[in-house]
Amino acid sequence: MAVRCHNQYALYGNRNDATSEEKIVRALIIHNPLSGFGSDAIYEFQRSLLQQGDEAVVRVLKDNFNPEAACHNVADFDLVVLSGGDGTMATFLYYLKKFAIPTCIFPSGTSNLLFLNLGNAADPAAIANACRNGLVIKSDLGEICWKDAHGSVHTKGFCLMSGLGYDGEFMQLAAQNKAALGEAAYFAAAISTLTPKVSHFTITVDGKTYKRTGISCIVANNAMIQGDIKLIPNNTMTDGLLDIMVLRVNRTYELLPSVITSLFDKTGKNLGRPMIETFRGKDIEVTSTKMLPLQTDGDPSACEARWYHARVLPKVNDLIVDATSFYASQAQKAATNLPGAVILPYPAE
C-alpha cells in the first residue's frame with residue numbers, strides 16, 4: 001500500500017525554485033508493520049519531517065514484500081526512510097547499495113540493533129531533524145553466501161551479524177516467541193539452548209587459514225548488542241572490514257566469563273572477551289564439519305548449512321546520523337542534493 005502525502009498549501013513547480021534556506025524534501029518512507037509490536041511512531045516522524053512544499057510517499061509492506069518493487073522509483077526521491085526491524089534494514093540496504101541516496105534508519109523492530117550501533121537520538125522528532133540536516137556516513141555492508149543440504153546457493157546482505165552454529169539455533173528459538181515476548185524472547189532462547197552442537201571450523205580470512213573448535217562462527221559488520229555492549233572491541237561499520245568471532249566453548253555456560261566482563265567493560269578494550277576469539281578481514285570463508293543452523297541479522301535460515309562465504313561491501317550506503325551518533329565525527333553533507341538521487345555503477349557479482 002502506498003500513500004502520498006504533501007502539504008496542501010504548497011505549489012509544485014521547478015524544485016530548484018526553492019531558496020537556499022528552504023530545503024524541499026521528497027521522501028520515500030518504507031514501513032514494515034509486521035516488525036516488532038507494530039509501532040506507529042513512523043507516522044509521528046512523518047509529521048515532524050514534512051514542511052510546506054515537501055512530499056512523502058509511504059509504502060506499507062506486505063509479509064512477502066519485494067525490495068525492488070518497493071524501491072522501483074527510488075531515484076526520484078531525496079531521502080529514503082526505512083522503518084522496521086534489523087532484517088528489514090538488511091534487505092533494503094542490500095538493494096540500495098547501488099544508489100547514492102541518504103537513508104534514514106527508523107527503529108520499528110524488536111531489537112533495532114543497527115539503530116543502536118549508529119547511536120542516533122531515538123525520538124521521532126530528533127530523527128526527522130537529522131534527516132533535514134542531511135549529514136551521512138558512508139557505511140559498509142556485509143554479503144553472505146551459503147549452500148544448503150540440497151546444494152542450492154543463497155545470497156543475502158547483512159548489516160549486523162550472520163553466523164553458523166549456536167547463534168543460528170538461538171535465533172530459531174527466539175523467532176518462535178518474538179512476536180509475543182519481544183526482546184525477552186532472546187533471553188528465553190538463551191536459557192533453552194544450553195547444549196548446542198560443537199563443531200570443527202576451517203576459517204579462511206583474506207587467504208590465511210585457521211582451524212578452530214567451538215559452538216559458533218559468526219561474521220560481523222556491527223557487533224554492539226543491547227546495553228551498549230560490544231562483543232568485538234574496535235568493531236565499526238566504516239572501516240572496510242568484517243570481524244569474525246569464534247565461540248570456543250562446548251557449553252553455553254562456559255561463556256559466563258565473557259558475560260561478566262562485559263558488564264564491567266562494555267567496549268571490551270580492557271578486559272577482552274574470554275572464550276571468544278576474533279579475526280578481521282575483507283573476505284571470509286567458513287567450513288564446518290557438521291550441518292548447523294544459520295542466521296543472518298537475526299533471521300534464521302529455513303535450512304542448515306556447513307559452509308558460507310562472506311565479504312565486505314565497503315561504503316555502499318549513505319546513512320543519516322546526528323550529533324549524538326558514535327559516527328558524528330565522520331559525518332559529511334550528503335552528496336546527493338536536490339532534486340534527486342543518482343544511480344552509481346556497482347561491480348558485477
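Strand β18 (residues 294-296) pairs with β19 in the antiparallel sense over two bridges, where strands are DSSP runs (E, at least two residues) numbered from the N terminus and two strands pair if DSSP finds at least two bridges between them. Thr296 has Asp299 of β19 as its bridge partner. Please keep in mind that this is a predicted model, in which local features need pLDDT of at least 70 and side-chain atom pairs count only at pLDDT 80 or more, while totals for chains, interfaces and linings use all residues. Residues are numbered from 1 along each chain as its sequence is written, and side-chain values use heavy atoms, with hydrogens and water left out.

**The open sheet**
- β18 and β19 belong to an open sheet of six strands, ordered β16-β15-β12-β9-β18-β19, with antiparallel pairing.
- β16 (276-281) and β19 (299-300) stand at the edges with a single partner strand each, so one side of each has no neighbour in the sheet.

**Strand β10 and its partners**
- Strand β10 (residues 199-205) pairs with strand β11 (residues 208-214) in the antiparallel sense over seven bridges, and Val205 has Lys208 of β11 as its bridge partner.
- Two residues lie between the strands of this hairpin, and Asp206 takes a positive phi near 50 degrees.
- β10 also pairs with strand β17 (residues 283-292), in the antiparallel sense over five bridges; here the bridge partner of Ile203 is Val286.
- Buried means under 20% relative accessible area, exposed over 50%, and partly exposed in between (1.4 Å probe, protein chains only).

**Salt bridges**
- The whole structure has seven salt bridges, each a side-chain nitrogen of Lys or Arg within 4 Å of a carboxyl oxygen of Asp or Glu.
- Asp318 and Lys138 meet through their side chains in a salt bridge (2.9 Å, N to O). This pair links distant parts of the chain, with Asp318 in strand β20 (residues 305-320) and Lys138 in strand β7 (residues 135-148), 180 residues apart.
- Asp318 is buried at a relative accessible area of 3%, while Lys138 is partly exposed at 26%.
- Glu277 and Arg212 form a salt bridge (2.7 Å, N to O), which links β16 to β11 across 65 residues. Arg212, Arg248 and Glu277 are linked in a network of salt bridges.
- Asp243 forms a salt bridge with Arg280, with the closest N and O atoms 2.5 Å apart. Asp243 lies in strand β15 (residues 242-247) and Arg280 in β16, so the pair ties together parts 37 residues apart in sequence.
- Asp243 is buried at 1% relative accessibility, whereas Arg280 is partly exposed at 36%.

**A buried histidine**
- His31 sits in strand β2 (residues 26-31) and is buried, with a relative accessible area of 3%.
- The side chains of His31 and Ser83 are joined by a polar contact of 2.8 Å. Such a contact is a pair of N or O atoms within 3.5 Å; within protein, one must be able to donate a hydrogen and the other to accept it, and residues adjacent in sequence count only if both atoms are side-chain atoms.

Key
Helices (H or I, at least four residues) and strands (E, at least two) are DSSP runs, numbered from the N terminus.
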